[in-house]
Amino acid sequence: MHGGAGALLWKRLATGSHLHGDWDGIEWVALEPGARAGLHVHSHTEEIWYFLKGTGVIELDGETHEVAPGTLVLTPHHSSHAAWNTGDERLDYVVIEVFPPAISKALPPRRPTEERNPGTQRAVDEKEGA
């Protein structure tokens, strides 16, 4: 990913279309021992990384920082960042991508995807007096 190396697992858990709000997605990432997510920059989102398992290093704007379970990392808009697993077990973390104000102002208002389920819709109609 992003020119990295080794085995990386990635799963997008939710997108901004699931809830109201100025966020882009929630993802789970896992780097196998020795794996690296390459150095990259996001031009449309900021990220919050929360580390769940393992040990590693992140690079943020040219500085390196050790990470372990419970570490929280913020990657601001247009920052350069990378992560790599320096331990003997998998490095697991959750990434929450959000839109900064400059991007949010340019987007239409967010609202959840509307899925019509006949049973659910009937209850909504009854509540609204339809």
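Let's start with tyrosine 93. Setting aside neighbours within four places in sequence, tyrosine 93 is in contact (heavy atoms within 4.5 Å) with Glu27, Trp28, Val29, Leu31, Ala37, Trp49, Tyr50, Phe51, Leu52 and Ala83.

A word on the model. It is predicted, so local features need pLDDT of at least 70 and side-chain atom pairs count only at pLDDT 80 or more, while totals for chains, interfaces and linings use all residues. Residues are numbered from 1 along each chain as its sequence is written, and side-chain values use heavy atoms, with hydrogens and water left out.

Now the core. A nonpolar core here is a set of buried Ala, Val, Leu, Ile, Met, Phe, Trp, Tyr and Cys residues joined through side-chain atoms within 4.5 Å. Buried means under 20% relative accessible area, exposed over 50%, partly exposed in between, with a 1.4 Å probe and protein chains only. The largest such core has 14 residues. Tyr93 is among those with the most contacts inside it, along with Trp49, Phe51 and Ile58. Which elements give two or more residues to this core? They are β2 (23-31), β4 (46-53), β5 (56-60) and β9 (91-98). β9 gives the largest share, three residues. Strands are DSSP E runs of at least two residues, numbered from the N terminus. As general background, nonpolar side chains tend to be buried together in soluble globular proteins.

Next, charges. How many salt bridges does the structure hold? Two. The criterion is a side-chain nitrogen of Lys or Arg within 4 Å of a carboxyl oxygen of Asp or Glu.

One joins the side chains of arginine 36 and glutamate 59, at 4.0 Å, N to O. Arginine 36 lies in strand β3 (residues 36-41) and glutamate 59 in strand β5, so this pair ties together parts 23 residues apart in sequence. Arginine 36 is partly exposed at 27%. Glutamate 59 counts as buried at 17%.

The other bridge joins the side chains of arginine 90 and aspartate 92, at 2.7 Å, N to O. Arginine 90 is partly exposed, at 24%. Aspartate 92 is buried, at 7%.

Last, the surface. Tyr50, Leu52, Leu72 and Leu74 make a nonpolar patch of about 400 Å². Patch residues have over 30% relative accessible area and no salt bridge; nonpolar side chains (Val, Leu, Ile, Met, Phe, Trp, Tyr) are joined within 5 Å. Areas come from the Shrake-Rupley method with a 1.4 Å probe. β4 and β7 (72-75) each give two or more residues to the patch. Leucine 72 is in β7. Is leucine 72 buried or exposed? Exposed, at 52% relative accessibility.

Technical notes: Helices (H or I, at least four residues) and strands (E, at least two) are DSSP runs, numbered from the N terminus. Patches are made of residues with over 30% relative accessible area and no salt bridge: like charges are joined within 9 Å, nonpolar side chains (Val, Leu, Ile, Met, Phe, Trp, Tyr) within 5 Å.
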